[in-house]
Amino acid sequence: MTLSAGKNAVTFKSFGVDLAGDLYLPEGFDATKKYKAIVGASPFPQVKDQIPATYGPEMAARGFIYLGFDYLGMGDSPALPGEFKQSRYNFRLIENTWDAVSYLGTLPFVKTIYGLGVCQGGQTIASAAVTDHRIKKIAMVSGMMASDAFQWTDREMANQIIDAANASMQKQYETGEPDYVAPFGLNDEMSRQDFIDLGINPMAGETYDYYGRDGAKGPVAVPNYTNMHIGDQPMQSLFSICEAYADKITQPSLTVYGTNAVTAICSTAFIEKLTNEHEELAFDEFSHVDFYYKPEAVKASTDAVAEFFNR
């Protein structure tokens, strides 16, 4: 396969199937040279044409190789035989990430591998790094690492979500058919005001502006994306592995977040548990979703990550 500067479509094996990825290579790429490479991890429930398509070119412009990919059952990657699409399961994200690292390790022009995760991707990268020391440094942006407090504060609501997920799993097992739900209450047809009026999401406006029908990276802008997801997914997403193992992480790490973001506690509580060499960078002016796509926030985060990985 011939690779060139910019975006290159690639595949790599995980769970015995080919996952679809985009390998972003820096300008002037020379396959005879050695480069620092990044395995990217995206937010729930994204595909590679969202965060990876934003952060990939930015990190390539800063001299890095960046691999963004669709997890098993998402986007252009297949589900396992007998399973269904839109099945982004937490534990599999970690194993897919390990296989992505293995793939990068086969490339003769890769010298060092780092991990960069955004939102749930921060949790995925931090979890993967606990036992994968091939990843030499990790960076997390608007990350959901210490998500227990965020997800379990309202125990009654958490248990309602669990009950619905349990019912979905049972239904799918008995019928053999997928059961799709809108995890955030946002479907692919809803208007911005309708979503805000539901009153169930404290980040409704900024969430819609990215994921909504008319959003920057919603189902119209990204045809391969849908807000509908397999209904039993919360049975895994309510586990926060990296939070429980934060003191076992040995790699240097960087956490970037917005101080006024609703999700800030997921970064600050995680930082408190770390025992590794760690840095944090907090911005008062950026919200959680700003780091997904707003130019000023993306520049701030990618500049910081590049500087951190280059040290």
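Tutor: Buried means under 20% relative accessible area, exposed means over 50%, and partly exposed lies in between, with a 1.4 Å probe and protein chains only. Helices (H or I, at least four residues) and strands (E, at least two) are DSSP runs, numbered from the N terminus. The model is predicted, so local features need pLDDT of at least 70 and side-chain atom pairs count only at pLDDT 80 or more, while totals for chains, interfaces and linings use all residues. Residues are numbered from 1 along each chain as its sequence is written, and side-chain values use heavy atoms, with hydrogens and water left out.

Consider next the neighbours of strand 3. Two strands pair if DSSP finds at least two bridges between them. Strand 3 pairs in the parallel sense with strand 5 (residues 110-118) over 7 bridges, and also in the parallel sense with strand 4 over 3 bridges. Residue A37 illustrates both pairings: its bridge partner in strand 5 is I113, and its bridge partner in strand 4 is I65.

These pairings belong to an open sheet of 8 strands in the order 1-2-4-3-5-6-9-10, with mixed pairing. Its edge strands are strand 1 (6-14) and strand 10, each of which pairs on one side only. From one strand to the next, the twist averages 20°; axes are lines fitted to C-alpha atoms, for helices over the stretch in contact, and angles run from 0 to 180 degrees between N-to-C directions. An antiparallel pairing is found between strand 1 and strand 2 (residues 17-25), which are joined by 9 bridges.

Strand 3, helix 1 and strand 4 make a right-handed β-α-β unit; right-handed means that, with the strands pointing away from the viewer, the path from the first strand over the helix to the second runs clockwise. Helix 1 lies across strand 2, strand 3, strand 4, strand 5 and strand 6 (135-141), at about 40° to strand 2. Helix 12 packs on the sheet as well, touching strand 3, strand 5, strand 6, strand 9 (253-258) and strand 10, and its direction makes about 160° with that of strand 6. Contact here means heavy atoms within 4.5 Å.

In one of them, the side chains of R62 and D303 meet at 2.8 Å, N to O. Because R62 lies in the loop between helix 1 (51-61) and strand 4 (65-69) and D303 in helix 12 (residues 295-310), the pair ties together parts that are 241 residues apart in sequence. Both residues are partly exposed: R62 has a relative accessible area of 24%, and D303 one of 32%.

Conventions:
A salt bridge is a side-chain nitrogen of Lys or Arg within 4 Å of a carboxyl oxygen of Asp or Glu.
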